[in-house]
Amino acid sequence: MSQPFATPADLSGRVVLVTGAARGQGRAHCEAFAAAGCDVIALDLCRDIESVPYPMANPADLEATAEAVRALGRRCVTGEVDVRDMPGMRETVDAGVAELGGLDFVIANAGVSPQPIPSWERTEEEWDSTLDINLKGTWVTTTVAIPHILTTGRGGAVILISSMVALRGGSFTASYATSKWGVRGLAKALAGELGFSNVRCNSIHPGNVRTPMIENPSMIAMMSGGQGTTLEDTTETFAGMNQMPQPWVGPEAIASMALYLCSDAGAGITGASIPVDLGGSEKFGR
(Lines give C-alpha, C1' and ligand atoms only; values in the text may rest on other atoms or scores of the structure.)
Protein backbone atom coordinates (compact mmCIF):
# COMPACT_ATOMS: atom_id res chain seq x y z
CA MET A 1 0.00 0.00 0.00
CA SER A 2 1.45 3.36 -0.97
CA GLN A 3 1.95 6.12 1.56
CA PRO A 4 -0.56 9.00 1.55
CA PHE A 5 0.55 12.10 -0.32
CA ALA A 6 0.24 14.35 2.72
CA THR A 7 2.25 13.27 5.75
CA PRO A 8 2.93 15.12 9.00
CA ALA A 9 5.89 17.47 8.80
CA ASP A 10 9.09 16.08 10.27
CA LEU A 11 11.46 18.91 11.14
CA SER A 12 13.49 16.97 13.67
CA GLY A 13 16.81 18.56 14.53
CA ARG A 14 15.86 21.96 13.11
CA VAL A 15 15.48 25.28 14.95
CA VAL A 16 12.78 27.92 14.58
CA LEU A 17 12.73 31.52 15.78
CA VAL A 18 9.31 32.97 16.67
CA THR A 19 8.63 36.58 17.67
CA GLY A 20 5.53 37.59 19.58
CA ALA A 21 5.76 34.10 21.04
CA ALA A 22 4.19 34.54 24.46
CA ARG A 23 0.57 33.91 23.49
CA GLY A 24 -1.94 33.81 20.64
CA GLN A 25 -0.55 33.09 17.20
CA GLY A 26 3.03 33.14 18.48
CA ARG A 27 2.43 30.38 21.00
CA ALA A 28 0.57 28.34 18.38
CA HIS A 29 3.58 28.60 16.07
CA CYS A 30 5.93 27.47 18.83
CA GLU A 31 3.76 24.48 19.69
CA ALA A 32 3.23 23.43 16.07
CA PHE A 33 6.93 23.52 15.23
CA ALA A 34 7.87 21.77 18.47
CA ALA A 35 5.37 19.02 17.67
CA ALA A 36 7.11 18.65 14.30
CA GLY A 37 10.50 18.21 16.00
CA CYS A 38 11.92 21.75 16.13
CA ASP A 39 13.73 23.40 18.99
CA VAL A 40 12.42 26.92 19.54
CA ILE A 41 13.76 30.42 20.17
CA ALA A 42 10.72 32.22 21.59
CA LEU A 43 10.90 36.02 21.86
CA ASP A 44 8.40 38.57 23.14
CA LEU A 45 8.35 42.11 24.50
CA CYS A 46 6.34 41.09 27.59
CA ARG A 47 5.17 44.57 28.53
CA ASP A 48 2.36 46.93 27.59
CA ILE A 49 2.65 49.54 24.83
CA GLU A 50 0.96 52.90 25.34
CA SER A 51 -0.48 53.14 21.81
CA VAL A 52 -2.04 49.66 21.91
CA PRO A 53 -5.59 49.52 23.38
CA TYR A 54 -5.31 46.04 24.90
CA PRO A 55 -2.92 44.41 27.39
CA MET A 56 0.19 42.86 25.92
CA ALA A 57 1.70 39.55 27.02
CA ASN A 58 3.71 39.27 30.21
CA PRO A 59 6.70 37.18 31.34
CA ALA A 60 4.43 34.46 32.73
CA ASP A 61 2.84 34.07 29.29
CA LEU A 62 6.25 33.61 27.69
CA GLU A 63 7.22 31.01 30.27
CA ALA A 64 3.95 29.18 29.59
CA THR A 65 4.93 28.99 25.92
CA ALA A 66 8.33 27.58 26.88
CA GLU A 67 6.70 25.00 29.13
CA ALA A 68 4.38 23.94 26.30
CA VAL A 69 7.37 23.46 23.97
CA ARG A 70 9.31 21.48 26.57
CA ALA A 71 6.26 19.32 27.25
CA LEU A 72 6.51 18.26 23.61
CA GLY A 73 10.08 17.11 24.21
CA ARG A 74 11.88 20.02 22.57
CA ARG A 75 14.27 22.67 23.85
CA CYS A 76 13.13 26.26 24.17
CA VAL A 77 15.22 29.40 24.66
CA THR A 78 13.24 32.50 25.60
CA GLY A 79 14.06 36.19 25.45
CA GLU A 80 12.25 39.37 26.50
CA VAL A 81 13.24 41.81 23.77
CA ASP A 82 11.73 44.55 21.63
CA VAL A 83 11.73 43.74 17.91
CA ARG A 84 12.46 47.43 17.24
CA ASP A 85 15.78 47.14 19.07
CA MET A 86 18.38 45.96 16.55
CA PRO A 87 21.27 45.49 19.04
CA GLY A 88 19.00 43.76 21.56
CA MET A 89 17.53 41.47 18.92
CA ARG A 90 20.94 40.61 17.54
CA GLU A 91 22.31 39.76 20.97
CA THR A 92 19.26 37.68 21.91
CA VAL A 93 19.05 35.78 18.62
CA ASP A 94 22.80 35.15 18.56
CA ALA A 95 22.61 33.69 22.07
CA GLY A 96 19.66 31.47 21.20
CA VAL A 97 21.33 30.17 18.05
CA ALA A 98 24.54 29.46 19.98
CA GLU A 99 22.63 27.47 22.58
CA LEU A 100 20.49 25.47 20.13
CA GLY A 101 23.14 24.98 17.45
CA GLY A 102 21.79 26.77 14.39
CA LEU A 103 18.71 28.32 12.82
CA ASP A 104 16.49 27.07 10.01
CA PHE A 105 13.18 28.90 10.14
CA VAL A 106 11.90 32.34 11.12
CA ILE A 107 8.31 33.21 11.96
CA ALA A 108 8.20 37.01 12.21
CA ASN A 109 4.90 37.19 14.03
CA ALA A 110 5.19 40.12 16.46
CA GLY A 111 2.69 42.86 15.71
CA VAL A 112 0.11 45.19 17.20
CA SER A 113 -3.22 46.67 16.14
CA PRO A 114 -4.01 50.17 17.43
CA GLN A 115 -7.36 51.83 18.11
CA PRO A 116 -9.71 51.63 15.07
CA ILE A 117 -10.27 55.29 14.18
CA PRO A 118 -10.11 57.46 11.01
CA SER A 119 -6.63 58.09 9.68
CA TRP A 120 -6.78 61.86 10.23
CA GLU A 121 -7.51 61.35 13.93
CA ARG A 122 -4.39 59.30 14.57
CA THR A 123 -1.48 60.74 16.46
CA GLU A 124 2.00 60.85 15.02
CA GLU A 125 3.19 58.84 18.04
CA GLU A 126 0.72 56.01 17.35
CA TRP A 127 1.56 55.97 13.63
CA ASP A 128 5.28 55.77 14.32
CA SER A 129 4.84 53.09 16.97
CA THR A 130 2.68 50.87 14.77
CA LEU A 131 4.96 51.14 11.74
CA ASP A 132 8.05 50.60 13.90
CA ILE A 133 6.72 47.46 15.57
CA ASN A 134 4.93 45.84 12.64
CA LEU A 135 7.23 46.76 9.76
CA LYS A 136 10.61 47.81 11.13
CA GLY A 137 10.39 45.06 13.75
CA THR A 138 9.83 42.47 11.03
CA TRP A 139 12.80 43.81 9.07
CA VAL A 140 14.98 43.79 12.20
CA THR A 141 13.97 40.20 12.90
CA THR A 142 14.90 39.05 9.42
CA THR A 143 18.10 41.09 9.42
CA VAL A 144 19.51 39.46 12.55
CA ALA A 145 18.18 35.97 11.74
CA ILE A 146 18.85 35.39 8.05
CA PRO A 147 22.66 35.29 8.33
CA HIS A 148 22.31 32.38 10.76
CA ILE A 149 20.10 30.48 8.30
CA LEU A 150 22.58 31.09 5.49
CA THR A 151 25.42 29.82 7.66
CA THR A 152 23.90 26.33 7.83
CA GLY A 153 24.01 25.96 4.05
CA ARG A 154 20.97 23.68 4.15
CA GLY A 155 18.28 26.11 3.05
CA GLY A 156 15.32 27.03 5.20
CA ALA A 157 12.32 29.32 5.24
CA VAL A 158 11.26 32.75 6.43
CA ILE A 159 7.59 33.45 7.16
CA LEU A 160 6.34 37.00 7.63
CA ILE A 161 2.94 37.35 9.26
CA SER A 162 1.07 40.09 7.44
CA SER A 163 -2.72 40.52 7.35
CA MET A 164 -5.81 40.17 5.22
CA VAL A 165 -5.87 43.98 5.02
CA ALA A 166 -2.60 43.86 3.04
CA LEU A 167 -4.54 42.10 0.28
CA ARG A 168 -7.48 44.49 0.14
CA GLY A 169 -7.03 47.49 2.47
CA GLY A 170 -8.83 48.18 5.70
CA SER A 171 -10.93 51.18 6.74
CA PHE A 172 -10.16 52.71 10.14
CA THR A 173 -6.89 50.76 10.30
CA ALA A 174 -4.61 53.06 8.29
CA SER A 175 -1.43 52.61 10.30
CA TYR A 176 -1.96 48.86 10.70
CA ALA A 177 -2.89 48.34 7.03
CA THR A 178 0.07 50.40 5.83
CA SER A 179 2.48 48.46 8.00
CA LYS A 180 1.13 45.12 6.82
CA TRP A 181 1.33 46.11 3.15
CA GLY A 182 4.98 46.89 3.87
CA VAL A 183 5.47 43.45 5.39
CA ARG A 184 4.05 41.90 2.23
CA GLY A 185 6.50 43.90 0.12
CA LEU A 186 9.40 42.89 2.33
CA ALA A 187 8.51 39.22 1.90
CA LYS A 188 8.56 39.55 -1.88
CA ALA A 189 11.90 41.36 -1.80
CA LEU A 190 13.44 38.75 0.47
CA ALA A 191 12.17 35.91 -1.71
CA GLY A 192 14.21 37.33 -4.58
CA GLU A 193 17.27 37.99 -2.47
CA LEU A 194 17.28 34.55 -0.82
CA GLY A 195 16.44 32.33 -3.77
CA PHE A 196 20.10 31.63 -4.56
CA SER A 197 20.54 30.00 -1.15
CA ASN A 198 17.50 27.71 -1.31
CA VAL A 199 15.83 29.75 1.42
CA ARG A 200 12.16 30.51 0.78
CA CYS A 201 10.25 33.57 1.99
CA ASN A 202 6.47 33.93 2.02
CA SER A 203 3.91 36.09 3.77
CA ILE A 204 0.80 34.73 5.48
CA HIS A 205 -2.26 36.97 5.60
CA PRO A 206 -4.56 36.04 8.48
CA GLY A 207 -8.09 37.30 8.63
CA ASN A 208 -9.70 37.56 12.02
CA VAL A 209 -8.00 35.22 14.45
CA ARG A 210 -9.32 34.71 17.96
CA THR A 211 -6.49 36.29 19.93
CA PRO A 212 -6.33 39.45 22.10
CA MET A 213 -5.90 41.49 18.91
CA ILE A 214 -9.65 41.16 18.27
CA GLU A 215 -10.83 39.99 21.69
CA ASN A 216 -10.52 43.33 23.45
CA PRO A 217 -12.98 46.09 24.43
CA SER A 218 -12.12 48.55 21.64
CA MET A 219 -12.53 45.99 18.87
CA ILE A 220 -15.67 44.53 20.43
CA ALA A 221 -17.18 48.02 20.71
CA MET A 222 -16.44 48.81 17.06
CA MET A 223 -17.67 45.50 15.68
CA SER A 224 -20.85 45.49 17.80
CA GLY A 225 -21.80 49.13 17.32
CA GLY A 226 -21.07 49.82 20.95
CA GLN A 227 -23.64 47.28 22.08
CA GLY A 228 -21.46 44.27 22.89
CA THR A 229 -19.33 43.26 25.84
CA THR A 230 -17.88 39.92 24.68
CA LEU A 231 -16.47 38.68 21.39
CA GLU A 232 -19.55 36.48 20.95
CA ASP A 233 -21.57 39.70 20.58
CA THR A 234 -19.63 40.40 17.35
CA THR A 235 -20.10 36.99 15.74
CA GLU A 236 -22.60 38.11 13.12
CA THR A 237 -20.52 41.13 12.08
CA PHE A 238 -17.27 39.20 11.81
CA ALA A 239 -18.93 36.33 9.93
CA GLY A 240 -20.39 38.81 7.46
CA MET A 241 -16.86 39.75 6.40
CA ASN A 242 -16.09 36.24 5.16
CA GLN A 243 -17.09 33.96 2.32
CA MET A 244 -17.29 31.09 4.77
CA PRO A 245 -19.85 31.29 7.60
CA GLN A 246 -17.36 31.28 10.48
CA PRO A 247 -16.52 34.59 12.19
CA TRP A 248 -12.85 33.81 12.87
CA VAL A 249 -10.25 31.05 12.99
CA GLY A 250 -8.08 29.86 15.84
CA PRO A 251 -4.36 30.64 15.89
CA GLU A 252 -3.66 27.00 15.06
CA ALA A 253 -4.88 27.63 11.51
CA ILE A 254 -2.13 30.17 10.93
CA ALA A 255 0.49 27.95 12.54
CA SER A 256 -0.54 25.05 10.31
CA MET A 257 0.08 27.15 7.21
CA ALA A 258 3.47 28.31 8.51
CA LEU A 259 4.44 24.71 9.20
CA TYR A 260 3.37 23.67 5.70
CA LEU A 261 5.43 26.44 4.10
CA CYS A 262 8.52 25.49 6.10
CA SER A 263 8.19 21.76 5.44
CA ASP A 264 9.12 19.77 2.35
CA ALA A 265 5.48 20.04 1.27
CA GLY A 266 6.02 23.75 0.65
CA ALA A 267 9.39 23.36 -1.09
CA GLY A 268 8.18 24.95 -4.33
CA ILE A 269 6.58 28.03 -2.78
CA THR A 270 8.37 31.35 -2.38
CA GLY A 271 7.35 34.97 -2.82
CA ALA A 272 3.71 34.07 -2.23
CA SER A 273 1.12 36.05 -0.28
CA ILE A 274 -1.12 33.41 1.22
CA PRO A 275 -4.45 34.30 2.87
CA VAL A 276 -5.83 32.29 5.77
CA ASP A 277 -8.91 34.41 6.18
CA LEU A 278 -12.09 32.39 5.51
CA GLY A 279 -12.28 34.10 2.12
CA GLY A 280 -12.47 37.60 3.58
CA SER A 281 -9.92 39.14 1.25
CA GLU A 282 -11.72 37.72 -1.78
CA LYS A 283 -15.14 38.88 -0.64
CA PHE A 284 -14.04 42.45 -0.04
CA GLY A 285 -11.30 42.60 -2.68
CA ARG A 286 -13.56 42.79 -5.72
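Predicted model: local features only at pLDDT ≥ 70, side-chain atom pairs only at ≥ 80, totals over all residues.

Q: How many disulfides does the structure have?
A: To count, two cysteine sulfur atoms have to sit within 2.5 Å of each other. Cysteine 38 is in no disulfide, and its nearest cysteine sulfur, on cysteine 262, is 7.9 Å away. Cysteine 201 is in no disulfide either, with the sulfur of cysteine 262 as its nearest at 9.9 Å. The count of disulfides comes to zero.

Q: Is cysteine 38 buried or exposed?
A: The cut-off for buried is under 20% relative accessible area. Cysteine 38 has a relative accessible area of 0%, so cysteine 38 is buried.

Q: And cysteine 201, buried or exposed?
A: Use the cut-off of under 20% again. Relative accessibility for cysteine 201 is 0%, so this cysteine counts as buried.

Q: Which class does the aromatic pair of phenylalanine 33 and phenylalanine 105 fall into?
A: There is one aromatic pair in the structure. Its ring centres are 6.1 Å apart and the planes make an angle of 50°. Under 30 degrees would be stacked and over 60 edge-to-face, and the pair of phenylalanine 33 and phenylalanine 105 is tilted.

Q: How many residues apart are phenylalanine 33 and phenylalanine 105?
A: Both of these phenylalanines are buried. Phenylalanine 33 belongs to helix α1 (residues 24–35), while phenylalanine 105 belongs to strand β4 (residues 105–108). The pair thus links distant parts of the chain, 72 residues apart.

Q: How are α1 and α2 oriented to each other?
A: Helix α1 packs against helix α2 (residues 59–71) with the axes 9 Å apart and an angle of about 15°. Anything under 35 degrees counts as roughly parallel, so α1 and α2 are roughly parallel.

Q: Which residues of α1 make the contact with α2?
A: α1 passes α2 in a right-handed crossing. On the α2 side, the contact uses Asp61, Ala64, Thr65, Ala68 and Val69. From α1 come Arg27, Cys30, Glu31 and Ala34.

Q: What is the orientation of α4 relative to α6?
A: The axes of helix α4 (residues 124–152) and helix α6 (residues 174–194) come within 8 Å and cross at roughly 20°. That makes α4 and α6 roughly parallel.

Q: Is the crossing of α4 and α6 left-handed or right-handed?
A: Among the residues in contact are Trp127, Leu131 and Trp139 of α4, and Tyr176, Val183 and Leu186 of α6. The crossing of these two helices, α4 and α6, is right-handed.

Methods: Residues numbered from 1 in each chain as written. Heavy atoms only, no water. Buried < 20%, exposed > 50% of the residue type's maximum accessible area, 1.4 Å probe, protein only. Phe/Tyr/Trp six-rings, centres within 6.5 Å; stacked < 30°, edge-to-face > 60°. Helix = DSSP H or I, 4+ residues; strand = E, 2+ residues; numbered from the N terminus. Axes fitted to C-alpha atoms, helices over the stretch in contact; angles between N-to-C directions. Parallel < 35°, antiparallel > 145°, perpendicular 65-115°, else oblique. Left-handed = near helix turned anticlockwise from the far one by under 90°. Contact = heavy atoms within 4.5 Å.
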